[in-house]
Amino acid sequence: MENITPSNFIEQEIVSDIKEKGLKTIVTRFPPEPNGYTHIGHAKAICIDFMTAKKFKGYTNLRMDDTNPSKESMHYVKALMNDIKWLGFKWKHMYYASDYYEFIYDCAIDLIKQGKAFVCDLSADEISATRGTLTEPGKESPYRNRSIEENLKLFEDMRAGKFADGTRTLRAKIDMAHPNINMRDPVIYRIQHVRHFRQGDKWCIYPMYDFAHPLSDAHEGITHSLCSLEFEDHRPLYNWVIDNCRLIKGVKPRQIEFARLNIDGTVLSKRYFISIVNKGYVDGWDDPRMPTLAGFRRKGYTANSIKEFCKRIGVSKSNSLVQPHILEACIREELNQNATRVVAVVDPIKVNITNYDSAKAEKIKISNNPTVKNSKSHTMMFTNELYIEREDFMIEPTPKFFRLVPNGYVRLMGAYVIKCDEVVKDENGNIDHLNCSIVYDAKEQGIKPKGTIHWLSRKYSERVRTRKYGNLLKEGEVYEEEILDKIINPESMIEKVSYVEPSALKQKSNMQFVRMGYYIEDKKLSKKGDRIYIETVSLKDSK
RNA sequence: UGGGCUGUAGCCAAGCGGUAAGGCACCAGACUUUGACUCUGGCAUGCGCAAGUUCGAAUCUUGCCAGCCCAGCCA
């Protein structure tokens with residue numbers, strides 16, 4: 001642990017803590033509230049928690065921060081565990097804050113005995129009204145100076161269920177004039193006659209985050225409690241709890257905050273997710289347009305690409321807005337190495353080869369990835385009726401277009417150079433098909449087409465559906481619940497009838513549709529006979 | 001306007017008193033039967049601004065400016 005070079009400010013702090021406090025083992029925790037699905041923002045926190053501990057040869061606990069029974073459920077616990085495992089992280093212990101309710105209760109009793117906590121009869125509105133403002137101090141509660149005995153009795157009665165929701169709270173007695181509002185006698189316990197998904201009806205009082213969190217950390221022996229910047233103002237309270245609860249033994253945990261992830265054009269709020277799922281704008285929490293891990297997974301992103309992204313964006317305290325192309329670069333880099341190459345014509349037009357025997361079929365070799373050593377190749381059948389990509393042909397080409405044009409030449413990948421002899425249109429004036437001829441002696445004639453395009457034999461290809469997903473919200477729009485229906489991008493999913501070579505149907509993992517992008521079968525909706533492929537990410541396009 | 005925090009390239013981000021790492025993006029070129037990949041080169045005389053300390057400042061001091069967070073019995 002002596003020779004570890006810190007690579008961000010958190011690791012620097014840990015290095016100095018090791019020196020100053022003589023820490024032997026670094027312990028972190030990932031503490032999600034089980035009330036929603038893991039999203040890419042969580043992934044950043046997960047990576048920081050797990051990778052930091054790992055770097056110092058310590059470990060990380062997974063702790064469900066289940067202190068608000070009205071919103072939480074086992075369903076989310078399982079989803080969270082699944083996502084963390086998928087990312088490839090292993091927690092040492094799995095805990096629930098609710099495991100500590102008894103301990104937390106004892107700490108509250110101890111605070112009362114020290115005269116550092118009191119039962120307050122003020123309503124939520126009254127507490128709010130007496131809290132003061134950003135610039136004015138608050139007013140002390142009239143119940144602030146109850147006797148220790150009375151507080152003890154009342155708090156026991158709270159636990160015993162003698163009071164209705166909202167009628168009483170337990171508050172820490174700190175300082176109503178404190179410039180930090182979190183220190184103005186914060187509520188640390190509230191009454192909620194709600195069934196807890198693990199504790200059942202055992203409790204009707206529940207500790208607040210600010211009380212439960214430091215105690216849970218301390219109880220587990222967490223040395224570094226890493227969280228996002230919005231909790232900076234809570235750190236004095238975190239430390240107050242740690243310093244004043246005498247039941248805490250051992251090394252005191254230290255809270256360090258980092259900037260949470262913001263991705264340009266991506267809304268990362270639970271409220272938004274719930275809204276678009278409930279209103280049916282997306283196909284559930286795993287819709288490929290969702291920035292949830294389930295969504296990314298379905299879209300074909302790998303755990304490695306997500307982790308690599310988290311590595312690349314770094315850890316700091318500055319408010320940042322990360323460009324989504326960083327993530328795209330991560331997944332492209334990985335898929336370029338690993339994805340099997342397959343030929344697919346995403347948006348086809350028909351091509352007839354007029355000088356090729358209609359009864360003939362020959363094998364053509366296509367290499368998997370010419371730039372990677374030992375890359376396997378496979379064969380495709382060539383016949384006189386083909387599909388090519390609609391965008392690989394232009395009647396009136398733009399200046400630097402070097403694929404197929406009328407009377408122009410192009411190379412069919414792995415096969416022949418062809419010439420476009422005739423554009424045949426239907427009654428509506430749309431292109432029906434192209435009549436082309438193979439130029440068998442292209443080399444001899446000195447014809448060297450600049451472009452190489454992919455193709456598929458109409459006879460030896462399978463019809464499928466391909467889907468490309470874009471941003472759910474229109475370009476430049478900022479999410480607002482009230483105008484959601486107006487800012488939804490109607491083209492956030494574009495489906496096309498496409499053709500793939502038959503071998504593609506067997507491919508369950510990521511593929512590159514050569515020259516088009518990386519695709520994966522949609523495991524949720526694709527069926528035998530009706531295959532659906534989702535574009536993970538396009539190829540970098542400098543056309 | 002109280003408190004807390006942050007400002008280094010288009011976007012992230014190192015740097016911790018010795019003369020601006022790296023990644024993504026972008027530009028130019030080479031290679032290419034994927035306009036991809038790969039390779040080569042380019043991309044901050046300047047670190048929010050202004051003074052000061054110093055032989056020397058992105059780093060220290062002071063003063064400004066800008067942005068973010070906080071007034072749940074949510075986490």
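Keep in mind that this is a predicted model. Start with the strands: 7 of them form an open sheet with mixed pairing, and the order across the sheet is β19-β16-β17-β18-β12-β15-β20. Now colour residues 452-453 (β19) and 455-457 (β20), which stand at the edges. Each has a single partner strand, so one side of each is left without a neighbour in the sheet.

Next, stay in the sheet and select 409-412 together with 417-425. These are β16 and β17, which pair in the antiparallel sense over 3 bridges.

Now for some helices. Select 101-113 (α4) and 148-159 (α6): their axes lie 9 Å apart, and the two helices pack at an angle of about 160 degrees. How do they run relative to each other, parallel or antiparallel? Angles over 145 degrees count as roughly antiparallel, and α4 and α6 are therefore roughly antiparallel. Turn the view and you can look for the right-handed crossing where α4 passes α6.

Show side chains here. From α4, E102, Y105, A108, I109, I112 and K113 meet a set in α6 made up of I148, N151, L152, F155, E156 and R159. Sorted by class, this contact has 7 nonpolar, 4 charged and 1 polar residues.

Finally, zoom out and colour chain A by its domain assignment: 9-262 is domain 1 and 263-338 is domain 2. Their centres, taken over C-alpha atoms, are separated by 28 Å. Where the two domains meet, domain 1 brings 27 residues to the contact and domain 2 brings 29.

Definitions and conventions
Residues are numbered from 1 along each chain as its sequence is written. Chains are lettered from A and ligands numbered from 1 in the order in which they are written. This is a predicted model: local features need pLDDT of at least 70, side-chain atom pairs count only at pLDDT 80 or more; totals for chains, interfaces and linings use all residues. Side-chain values use heavy atoms; hydrogens and water are left out. Axes are lines fitted to C-alpha atoms, for helices over the stretch in contact, and angles run from 0 to 180 degrees between N-to-C directions. Helices (H or I, at least four residues) and strands (E, at least two) are DSSP runs, numbered from the N terminus. Angles under 35 degrees count as roughly parallel, over 145 as roughly antiparallel, 65 to 115 as roughly perpendicular and the rest as oblique. A crossing is left-handed if the near helix is turned anticlockwise from the far one by less than a right angle, and right-handed if clockwise. Contact means heavy atoms within 4.5 Å. Ala, Val, Leu, Ile, Met, Phe, Trp, Tyr, Cys and Pro count as nonpolar, Asp, Glu, Lys and Arg as charged, and the others, Gly among them, as polar. Two strands pair if DSSP finds at least two bridges between them. Domain bounds come from an automatic or database domain assignment.
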